[in-house]
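User: Could you take a close look at one helix in this model and walk me through how its neighbours pack against it?

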Amino acid sequence: MSDDSFIREVNEEIRQDQAKALWDRYGPYVLVIAVAVVLATAGWVGWECWTTSRANASGDRFSQALTLAEQGKTDEALAALAALEADGYGAYPVLARMRTATLHSAQGNNDEAVADFDAVANDGSVPAAIRDMARLRAAYILVDHGSYADVAARVEALTADTNALRHSAREALGLAAWKEGRAADALTLFEQLASDAQAPRNVRERATLMAELIRGSGTGA
């Protein structure tokens, strides 16, 4: 046997002895870690499947409720939405609450609709964007069925320059002011909207028409 062969065999035996020693010392821990990784992966995959299944089921139920509403089966739609509010998954319970309020408004139950939207707006567990939308929806109902103070209480905070709903909030305030005989305040709001390049075009067009109407009536001075 050559010296090189002998050295290789010795090195191989040393490596085997070292590997055996390492395994004897750390092998059980490696097995525990491997099992833990497998179990964690299986648990995560199972959780993902479960949550996806629940979300899909709630989505199907929400779509069915919308279909009932479109078919004019309002009572059935409201019952389906109430059930979804109670045991739906993810965002669907909140969406069901918003849709319920909309259906109440469509039925002419304006007080109930405003109460529904207010409940969402005051629910700290609901995302801020949806809470702001609920305030705006309540305000638009109150333009026709409430006072300027009612509308302002819900949307005045939304008129800030940094708020994404500021244009619609200002329009609601303008309409409420005009309907309450506060033509000068309404004209100021509508002129502001009409000249705001960042406002949606349809909002600017409506604001321009309202400003012209107020100026033409001679009440905006």
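**Helix H5 and its partners**

Helix H5 and helix H6 (residues 148-155) pack with their axes 8 Å apart, at an angle of about 170°. Angles over 145 degrees count as roughly antiparallel, so H5 is roughly antiparallel to H6. On the H5 side, the residues making this contact are Arg135, Leu136, Ala138, Ala139, Leu142 and Val143. H6 contributes Asp150, Val151, Arg154 and Val155. Sorted by class, the contact of H5 with H6 has 7 nonpolar and 3 charged residues, and no polar ones. Keep in mind that this is a predicted model.

Now for the other partner. Helix H5 covers residues 128-145 and helix H7 covers residues 166-179; their axes come within 9 Å and cross at roughly 15°. Because angles under 35 degrees count as roughly parallel, H5 is roughly parallel to H7. The crossing in which H5 passes H7 is left-handed. From H5, the residues involved are Leu136, Tyr140, Val143 and Asp144. They meet Ser168, Ala169, Glu171, Ala172, Leu175, Ala176 and Lys179 in H7. By class, this contact of H5 with H7 has 7 nonpolar, 1 polar and 3 charged residues.

Technical notes: Residues numbered from 1 in each chain as written. Predicted model: local features only at pLDDT ≥ 70, side-chain atom pairs only at ≥ 80, totals over all residues. Heavy atoms only, no water. Axes fitted to C-alpha atoms, helices over the stretch in contact; angles between N-to-C directions. Helix = DSSP H or I, 4+ residues; strand = E, 2+ residues; numbered from the N terminus. Parallel < 35°, antiparallel > 145°, perpendicular 65-115°, else oblique. Left-handed = near helix turned anticlockwise from the far one by under 90°. Contact = heavy atoms within 4.5 Å. Nonpolar A, V, L, I, M, F, W, Y, C, P; charged D, E, K, R; others polar.
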